[in-house]
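This briefing walks through one protein, from its overall layout down to single residues. Keep the sequence and the structure in view while reading.

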Amino acid sequence: MKIYIAASMRNKTAVLRLAEKLRLGQHEVYAFPEHPQQAGESGVEDWLETEDALEVWMDDMRACAGATVVIYLGGGCDAWAEVGFAYALGIPVLGLWGERTERIGLQRNMVHWYDTVHQLLIALRGMMETGAYDDKIAPPFPPEDCRLPNWRWT
């Protein structure tokens, strides 16, 4: 499976640990901290105004659009934008719910939540084995009239 991890920069370590675990299961994983042009530990606000940041964002969106599944690992507005983008494209979104998960509004309905990495991995295995995505694994796709079937990143 092609997996995109949506998360905040403050969850960088968790993203890298999850990506490593997923790759052990032979998944292809896009983890934003591994992008060669990613912002350093300091100066993120200044970096956001650079051409590198725009290029990273475009690469992120391409990877998200090409994913089989998106995993939400907690984060702010950027991660939620990625979740909404994936959901609108009909890509399943699975999330890890933790004690430090920020307060979430109605957008929580785009994600099927798991309490542990183990539970999430079981769900991914089920998706791989069946080759299907159904409401036992995650919430239903958005209605047909909400999708953007002909929209593509160039």
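Does Val29 count as buried or exposed? Val29 counts as buried, because its relative accessibility is 12% and buried means under 20% relative accessible area. The model described here is a predicted one.

**Overall layout**

- The protein contains 5 helices and 5 strands.
- Along the sequence, these elements follow the pattern β-α-β-α-α-β-α-β-β-α.
- Of the 154 residues in the protein, 41% are buried.
- Among contacts with a separation of 6 or more, 62% are between residues 24 or more positions apart.

- The 5 strands form an open sheet with parallel pairing, in the order 2-1-3-4-5.
- Strand 2 (28-31) and strand 5 (112-114) stand at the edges with a single partner strand each, so one side of each has no neighbour in the sheet.
- On average, neighbouring strands of this sheet are turned by 25° against each other, direction ignored.

**Strand 1 and its partners**

- Strand 1 covers residues 2-6 and is mostly covered, with 4 of its 5 residues buried.
- Strand 1 pairs with strand 2 in the parallel sense over 4 bridges.
- In this pairing, Lys2 stands opposite Glu28, and Tyr4 stands opposite Tyr30.
- From strand 1 the chain crosses through helix 1 (residues 12-24) to strand 2, and this β-α-β crossover is right-handed.

**Strand 3 and strand 4**

- Val69 and Ile71 point one way from strand 3, Val70 and Tyr72 point the other way, and all are buried.
- Strand 3 pairs with strand 4 in the parallel sense over 3 bridges.
- Strand 3, helix 4 and strand 4 together make a β-α-β unit that is right-handed.

**Helices on the sheet**

- Helix 3 (residues 51-65) lies across strand 1, strand 2 and strand 3 (69-72), and runs at about 150° to strand 2.
- Helix 5 (residues 117-130) packs on the sheet and touches strand 1, strand 3, strand 4 (93-96) and strand 5.
- The direction of helix 5 makes about 160° with that of strand 4.

**Helix against helix**

- Two packed helices are described by the angle between their axes and the distance between the axes.
- Helix 1 and helix 5 pack at an angle of about 40°, and their axes are 12 Å apart.
- At that angle, helix 1 is oblique to helix 5.
- The crossing of helix 1 past helix 5 is right-handed.
- Leu18, Lys21 and Leu22 in helix 1 meet Val117, Leu121 and Leu124 in helix 5.
- Helix 3 and helix 4 (residues 77-88) pack at an angle of about 40°, with axes 10 Å apart.
- Helix 3 and helix 4 make a right-handed crossing.
- In this pair, Asp60, Met61, Cys64 and Ala65 of helix 3 meet Glu82, Phe85 and Ala86 of helix 4.

**Two residues in detail**

- Val29 is found in strand 2.
- Leaving aside residues up to four places away in sequence, Val29 touches Ile3, Ile5, Ala19, Leu22 and Arg23.
- Val29 and Ala67 are 38 residues apart along the chain, and their C-alpha atoms are separated by 8.8 Å.
- Met9 has its place in the loop between strand 1 and helix 1.
- With a relative accessible area of 28%, Met9 is partly exposed.
- Met9 and Gly75 are 66 residues apart in sequence, but 7.6 Å apart in space from C-alpha to C-alpha.

Notes
Residues numbered from 1 in each chain as written. Predicted model: local features only at pLDDT ≥ 70, side-chain atom pairs only at ≥ 80, totals over all residues. Heavy atoms only, no water. Pairing = 2+ DSSP bridges. Helix = DSSP H or I, 4+ residues; strand = E, 2+ residues; numbered from the N terminus. Axes fitted to C-alpha atoms, helices over the stretch in contact; angles between N-to-C directions. Contact = heavy atoms within 4.5 Å. Buried < 20%, exposed > 50% of the residue type's maximum accessible area, 1.4 Å probe, protein only. Right-handed = clockwise from strand over helix to strand, strands pointing away. Parallel < 35°, antiparallel > 145°, perpendicular 65-115°, else oblique. Left-handed = near helix turned anticlockwise from the far one by under 90°.
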